[in-house]
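Me: Please take a close look at the packing part of this model. Link it to whatever else belongs with it.

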Amino acid sequence: MTKIISSYKTIASPGRGILAIDESNATCGKRLASIGLDNTETNRQAYRQLLLTTPGLGDYISGAILFEETLYQSTTDGKKFVDCLREENIVPGIKVDKGLVPLPGSNNESWCQGLDGLASRSTEYYKQGARFAKWRTVVSIPCGPSALAVKEAAWGLARYAAISQDNGLVPIVEPEILLDGDHPIERTLEVAEKVWSEVFFYLAENNVVLEGILLKPSMASPETIAKYTLTMLKRRVPPAVPGIMFLSGGQSEVEATLNLNAMNQAPNPWHVSFSYARALQNTVLKTWQGRPENTEAAQKSLLVRAKANSLAQLGKYSA
Ligand code: 13P
């Protein structure tokens, strides 16, 4: 446990949050296709190099979640990406789940794979410089959720969290309740309460130290944030948890910033911050277009979003 204390304190430092660039090769390929680039290792490396070598990134970003390929990559000058991050006081993280597959016996729902061999993979990732981990599972409201799917999601997250802590990695616990569907927000609240209560039940069963985890939930729109998102979290998440890092879930860049800002204007007992992928990267990709001459402008656009979210972490953002 002492191994992970400095990591979570750095990640949950005021005015900073997480840059999520842990897209699988397939998902990264979709992002690259949107600007007409092929999904090659060279193009993925070039894009990640642009992001991870942005000068001054550490002023607003405290952690970066990487995909396995990126953890082992270096810049074209031969400097390891993890060393670029360390120089900016950014903690390197690693996505450790192996993705979603259909859950037999459920209502067309899915479960998250990756527990087999996780302990030995985590030891290797730690040696490579990773200090925190991410495991994303999903719960679908339109598909149920069935009791089986919720239990499987919660149990998987708890086993992963215990294994991560045992190997010196701070686990990000992420049961993403998908924003899809046209059900009322009260139904989302009901499902979220159920999911988080099971997650904390199994975290306790697995002797996970709550002071050494971070949470990653999805959030409602600004008007409803205080009423629903914070109500749900206050009902279900103990104040021992040091940080809650929201995902952007397909919201626009500005929407995601406004929502985080709203969250930080109401009193709450945690460090509430961001762990955004799309809401930090959309403009960067469009600006870059795969052209070296656009790199600097693209990095500047990353800093603009990172700074806006840094202000939102402090509850001081205005559009
Ligand atoms: P989005 O912010 O694009 O929803 O992604 C968050 C995430 O889970 C990636 O790690």
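Predicted model: local features only at pLDDT ≥ 70, side-chain atom pairs only at ≥ 80, totals over all residues.

Reply: Helices (H or I, at least four residues) and strands (E, at least two) are DSSP runs, numbered from the N terminus. Residues are numbered from 1 along each chain as its sequence is written.

Confidence first. Mean pLDDT for the chain is 94. Of its residues, 98% reach 70 or more. The ipTM is 0.93 and the pTM is 0.95.

Now the packing. Helix α7 spans residues 147–166. It takes part in two of the pairs described here: one with α6, one with α8.

Take α6 first. This helix covers residues 118–128. Its axis comes within 9 Å of the α7 axis, and the two cross at roughly 40° (axes are lines fitted to C-alpha atoms, for helices over the stretch in contact; angles run from 0 to 180 degrees between N-to-C directions). The two helices are therefore oblique (under 35 degrees is roughly parallel, over 145 roughly antiparallel, 65 to 115 roughly perpendicular, the rest oblique). From α6, the contact (C-beta atoms, placed from the backbone, within 7 Å) uses L118, A119 and S122. From α7 it uses Y160, I163 and S164. By class, four of these residues are nonpolar, two are polar and none is charged (Ala, Val, Leu, Ile, Met, Phe, Trp, Tyr, Cys and Pro count as nonpolar, Asp, Glu, Lys and Arg as charged, the others, Gly among them, as polar).

Next, α8. This helix runs over residues 185–205. The axes of α7 and α8 come within 8 Å and cross at roughly 40°. That makes this pair oblique too. On the α7 side sit V150, K151, A153, A154, W155, L157, A158 and A161. They meet K194, V195, E198, V199, Y202, L203 and E205 of α8. This contact has 11 nonpolar residues, four charged and no polar.

Step back from α7 to the loop that links it to β6. P145 lies in that loop. The peptide bond joining G144 and P145 is cis, with omega at about -15°. Another loop, between β4 (100–102) and β5 (110–112), holds N108. Phi of N108 is near 55°, which is positive although the residue is not glycine.

L280, T283, V284, T287 and W288 come from α11. T295, A297, A298, S301, L302, R305 and A306 come from α12. Seven residues of this contact are nonpolar, four polar and one charged.

Definitions and conventions:
pLDDT = per-residue confidence, 0-100. Contact = placed C-beta atoms within 7 Å.
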